[in-house]
Amino acid sequence: MSRLALVWSGSAVAVVALAGLVVYVARAGLDEADKLAGVIGAFVGLAGLGVSVYGVVRGDPPTGPGPGSGPGSVVVKGDNSGVITTGDAADVRMTTEPDP
């Protein structure tokens, strides 16, 4: 599924959820809706805690291209002076002195 389709699908789900929330609050009243929101919030919080603990215990490194993986990309760590070579026969000299 393309990124644009995911954005539109997520937006549609958010609009439907908001409309359902408005209808529920209008019918049940604010006090009853507040009680239900507390229970739902507790379950969502527990689910989020479970997912985060699972991610920490599993310990997989992030996937996808890392820093400096694209053509001509540069990664600078530590001191930012010296020579940077991008692999495409271009040299960039970085100094702390301004150009003349």
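Me: Helices (H or I, at least four residues) and strands (E, at least two) are DSSP runs numbered from the N terminus. In what order do the elements of the protein run?

Reply: This is a predicted model, in which local features need pLDDT of at least 70 and side-chain atom pairs count only at pLDDT 80 or more, while totals for chains, interfaces and linings use all residues. Residues are numbered from 1 along each chain as its sequence is written, and side-chain values use heavy atoms, with hydrogens and water left out. The secondary structure comes to two helices and two strands, and from the N terminus on the order is α-α-β-β.

Me: Where in the protein is confidence lowest?

Reply: Across the protein the mean pLDDT (the predictor's confidence in each residue, from 0 to 100) is 79, and 59% of the residues reach 70 or more. Helix 1 (residues 3-28) has the highest confidence, at 92, whereas the lowest, at a mean of 59, belongs to strand 2 (residues 91-94).

Me: Which side chains meet in a salt bridge?

Reply: Under the rule that a side-chain nitrogen of Lys or Arg lies within 4 Å of a carboxyl oxygen of Asp or Glu, the count comes to one salt bridge. Both partners lie in helix 2, four residues apart, about one turn of the helix. With 3.6 residues a turn, residues three or four places apart in an α-helix point the same way. At 3.6 Å, N to O, the pair is D31 and K35.

Me: What is the relative accessible area of V57?

Reply: Buried residues (under 20% relative accessible area, with exposed over 50% and partly exposed in between, 1.4 Å probe, protein chains only) make up 2% of the 100 residues. The protein exposes about 8,700 Å², of which carbon and sulfur atoms supply 66%. V57 has its place in helix 2 and is exposed, its relative accessible area being 67%.

Notes
Accessible areas come from the Shrake-Rupley method with a 1.4 Å probe; for residues, only the protein chains shown count as cover.
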